[in-house]
Amino acid sequence: MTTSPDQATAVRHPLDRLTAEEIEQNRVIIVNAGHVTETTLFTLVGLVEPDKRDVIAGAAGIDRRVRSTLIERSTGEQTEILVSLTSGSVLMARVLDIENEGQAPITMTEYEESEAMIRRDPRFRAAVEKRGITDLEQVRVCALSAGIFDIPGEAGRRLVRGSCFIQPTPEDNAWAHPLEGLVAYLDLNTGEVVDIIDTDVVPVPKENFNYHLDSWLPEPRTTQKPIEITQPEGASFSIDGDVLTWEKWQVRLGFDPVEGLVLHQIGFDDNGALRPIVYRASVAEMVVPYGDPSPVRYWQNYFDAGEYSMGKSANSLELGCDCLGEIYYSDAVLADDQGHARTIKNAICIHEEDAGILWKHTDEFTGAADVRRNRRIVISFFITVGNYDYGFYWYLYLDGTIELECKATGIVYTAAYGDEAQRQRWSSPLGDEGLGMPFHQHLFCARLDMQVDGVENAVDEHDAVRVPFGYDNPWGNGFTRKVTRLTAEGGRVVDGEVGRVWHIVNPSKLNKHGFPVGYELRAAAQPTLMAAEGSSISRRAAYAKNHFWLTHFDAAERFPSGTYPNQHPGKQGTIAHWVEQDRPVDGDDIVVWCAFAMTHFPRPEDWPIMPVDRLGFSMKPYGFFDQNPTLDVPRPKSAHCATQGGGAAGGAAGDACCHDD
Ligand code: CO
């Protein structure tokens, strides 16, 4: 394969996703520059997005650049390499300072090798035997990100910590059988087990929970009649390259190895003018810290984006199982651990859904009964990271609302407790064999590079305010709102008691009512990071100490726990440090970050496989439009909804049978 600069000229837009050819071209350039040996792993290969202002201005001849992060396993050296596909050359190669800026994410290659490496260790085998397990093949090892705790001898090593489960047969669900009190610390580069933590010997819970086997499941219910989603004239969206157009929305799709789905240039057509709202939206980090301080669990904190690469963990979706209706799938093309192009078929799912009532009124004076139905376009992907699965669903609605819904499902992590008091204190107990589901949090962070009618934006915090009795409030009914412009970078928390929301506004563009056009961000009032101030995770996941952050735009500030959270000490390079720069944020180029969380005290009903739980945030236009932007939505047709005599009960104007949802 040659490195032809011409290949880059096929790119139509500077934010177009990397093609398989470009990924191969990147690899050849790096190989030719002498950076690759037999023991090199490509952990990340991603498009370097060009300067935002150049993209917005439609500048021509933008250099097409790729950043790759390589691990040289023979030396442990990790190198970031910047390639210009346009010129066919390496522009920069930088060795990571891993003790300060963290390490490249864990690759699938390393993950898959780790079990065999740990099983080979004689101390590990002895500890397994001590627990009465004679067949080593039954011991399944989960190689989990190590975190960083200043443990002597660990500095500079590339580590995972292996927790164990027993899988009696290859068909059995191993998560039901934790092998307690045993953890192996593994150096991924040398294959050496550097330490064994061997505490209590606890009987392995024996009951099987094989939710995936028909032979174990109850007889399937027979009550379900088919639900068919039909769109006889097709879907009402169109895709041109990476650009999705639906109703008045336009958005450009991206897919990053760390973040997965990225939405670029979200805009809304307002009377023929495409008005920008968000330049770039993604879930930039997600961490799951566990709350059990046991010596075999205190270190459990998985950064699913920065340590496990959510994009690389994307599922291939299947029609009729994962998604219903007229579906458009888009493949994700990423690099594999050797730097070659790898296609994840059907990684992104796009479809349109009915979304219940949009607006409705029956008027006592005019007698008019009006209703309109809402719809949304759904842009989603699903990932599997170890025991858990997460769906990321972006919704764009007819009325200008943008929502992100994350769906958490999969298998709750388990432990076996020998001490009942410990089981009750740190976990949700399951049954009488000591099985427990340790308490934990799922802490997400969305990065929203705002562009509300332009790049220069500001944020107003809105609180509801009770007004005391007084000369202007003689009856005590008065209440108002307090609007505070955030003039400094920093983090804020939701206050449910005052209904706190944040308006991202464009101070230089007023609506016809005389105040700045804007979007209101609503975050959920859920607990922030539960771990103690001063703990390792409180430094590393500092973003999760607030629900909302405001920063000045910097293209290098993409990930709130740093570009490389794996074994990152968190002493610099996180969002908590960026905001100390005190850069301008009032009417400037800003980024807002929404941290949303689920504090998970698992339910018995979450076992053995967890029904989807949902969390997320929404952004609603607030004065972005001069009035309800959906007045042109036509009255619903009642063609397919009548089952009882044409559905003629009540209502007017031919929309008789459209019920509230
Ligand atoms: Co959970």
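**Exercise 1. Find the residues that coordinate the cobalt ion in this predicted model and name the site's geometry.**

Step 1. Look for donors, meaning N, O and S atoms within 2.8 Å of the metal (3.2 Å for Na, K and Ca); water is not among the atoms, so sites may look incomplete.

Step 2. Check the angles among the four donor atoms: they run from 96 to 124°, and the site is tetrahedral.

Step 3. Write the spacing of the donor residues in sequence: Y-x51-H-x1-H-x157-H. H440 in strand β23 (residues 440-450) and H600 in strand β30 (residues 588-600) are 160 residues apart, so this pair links distant parts of the chain. Strands here are DSSP runs (E, at least two residues), numbered from the N terminus.

**Exercise 2. Describe the extent of the chain.**

Its C-alpha trace spans about 85 × 60 × 60 Å along the principal axes.

**A note on the model.** Residues are numbered from 1 along each chain as its sequence is written. In this predicted model local features need pLDDT of at least 70, side-chain atom pairs count only at pLDDT 80 or more, totals for chains, interfaces and linings use all residues, and side-chain values use heavy atoms, with hydrogens and water left out.

Conventions
Four donors count as tetrahedral if all angles lie between 85 and 135 degrees; four count as square planar and six as octahedral if opposite donors are over 155 degrees apart and all others between 65 and 115; anything else is irregular. Helices (H or I, at least four residues) and strands (E, at least two) are DSSP runs, numbered from the N terminus.
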